[in-house]
Amino acid sequence: MDPAAQTRKDDVMSYNPNHPPAFPGFLRAWRQRRRLSQLELSLQSGMSQRHISFLETGRSNPSRFAIAQLAEAMEMPAAEVDAMLLSAGFAARSVGKGWDGQTKQAVAASIDHVLQGHAPFPAISVDRIWNLVKANEPALRFFALAGATTDSNLLRAVVAPGPMRESILNWEDTARALVRMLEIEVARRPHDAEAMDLLADLKALDGVPALLAQPGNETGPVLTIRFKIGDAVLDMFSLIATIGMSADATLDDLRIETLLPANEATHAWFRETFAA
């Protein structure tokens, strides 16, 4: 690994929300990640280039409003905005929000509506690193048939050696795509040590290093996962939805993934197997 890459990895792995990196370096790293000059960030944020320069050198301290302007200009994820606030000595936006019961109930009911409405096909709710939060009944039954273990992390369940890996006929393409997807999430949230740890774990699993060294086999517009369940071969693809315009890191973490049949035979199998 080149020294610069190792430095970036060490920065992520050493991140602690109780001892966040200093704000000047945090701002500079995000500006460079977005490939913006100070002048370009100035134009996009409505702040003077001089003030941005002073913030990056520590000659000026940011206000919460200034951080909000910069975060919006750089399209930062909610969790990264929280981390930037902490780096400047402010409380995170997501701390102490105290959603009212009505809001919590509305969010939970909306997610349940999507999951249950997708039956007889599998639908799940996961967090940013694919830890299972909720699942509809078809998903629970289908994953059990596919050999899923008690590991609540679906990325690890698919990539790790075991019955679920063996049930996926195109496991190489699937595993490669899932690891790349997590790499994108780590790049999106570079101070997420938990995601970085999971990525390192996945890359160390048996068969994965050799797999990632090979070029991908992109043969279609979407990745179709081919499962072998008993005598049936099932072709599935997924749609992933997020909660839009969320300023809360917890909500920003949520993903809803719906698995859909890629052909009529797979559609018929789910109708016959999981229909009420």
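Helices α3 and α5 are roughly perpendicular to each other in this predicted model, since their axes, 9 Å apart, pack at an angle of about 105°. An angle of 65 to 115 degrees counts as roughly perpendicular. Confidence across the protein chain has a mean pLDDT of 84, and 84% of the residues reach 70 or more.

**Packing of α3 and α5**

- Two packed helices are described by the angle between their axes and the distance between the axes.
- On the α3 side the meeting residues are Leu41, Gln44 and Ser45, and on the α5 side they are Gln69, Leu70 and Ala73.
- By class, this contact of α3 with α5 comprises 3 nonpolar and 3 polar residues, with no charged residues.

**Helix α4 and its surroundings**

- Helix α4 spans residues 49-57, and its buried residues are Ile52, Phe54, Leu55 and Glu56.
- These buried residues pack against three helices: α2 (23-33), α3 (38-45) and α5 (64-73).
- An α-helix has 3.6 residues a turn, so residues three or four places apart point the same way.
- Gly58, which comes just after α4, has a positive phi of about 85°.

**Packing of α8 and α15**

- Helix α8 (residues 137-145) and helix α15 (residues 264-274) have axes that come within 12 Å and cross at roughly 105°.
- The pair α8 and α15 is therefore also described as roughly perpendicular.
- Pro138, Arg141, Phe142 and Leu145 make the contact from α8, while Trp269, Phe270, Thr273 and Phe274 make it from α15.
- The contact of α8 with α15 has 6 nonpolar residues, 1 polar residue and 1 charged residue.

**The setting of Ser167**

- Ser167 lies in helix α10, which covers residues 163-167.
- Ser167 counts as buried because its relative accessibility is 5%, and the cut-off for buried is under 20%.
- Leaving aside neighbours within four places in sequence, the contacts of Ser167 are with Ala146, Arg226, Phe227 and Lys228.
- Ala146 is 21 residues away from Ser167 in sequence, yet the C-alpha to C-alpha separation of the two is 5.9 Å.
- The Ser167 side chain also reaches the backbone oxygen of Met164, at 2.8 Å.

**Backbone geometry in the loops**

- Most residues other than glycine have a negative phi, and most peptide bonds are trans.
- Arg35, in the loop between α2 and α3, is a residue other than glycine with a positive phi, near 55°.
- Arg35 counts as exposed because its relative accessible area is 73%, and the cut-off for exposed is over 50%.
- Trp130 likewise is not a glycine but has a positive phi, of about 65°; this residue sits in the loop between β1 and β2 (132-135).
- Trp130 counts as buried, with a relative accessibility of 8%.
- Ala119 and Pro120 are joined by a cis peptide bond with omega of about 15°.
- Pro120 belongs to the loop between α7 (101-117) and β1 (123-126).

**Confidence along the chain**

Key: Residues numbered from 1 in each chain as written. Predicted model: local features only at pLDDT ≥ 70, side-chain atom pairs only at ≥ 80, totals over all residues. Heavy atoms only, no water. Buried < 20%, exposed > 50% of the residue type's maximum accessible area, 1.4 Å probe, protein only. Helix = DSSP H or I, 4+ residues; strand = E, 2+ residues; numbered from the N terminus. Contact = heavy atoms within 4.5 Å. pLDDT = per-residue confidence, 0-100. Axes fitted to C-alpha atoms, helices over the stretch in contact; angles between N-to-C directions. Parallel < 35°, antiparallel > 145°, perpendicular 65-115°, else oblique. Nonpolar A, V, L, I, M, F, W, Y, C, P; charged D, E, K, R; others polar. Polar contact = N/O pair within 3.5 Å; in protein donor to acceptor, adjacent residues only side chain to side chain.
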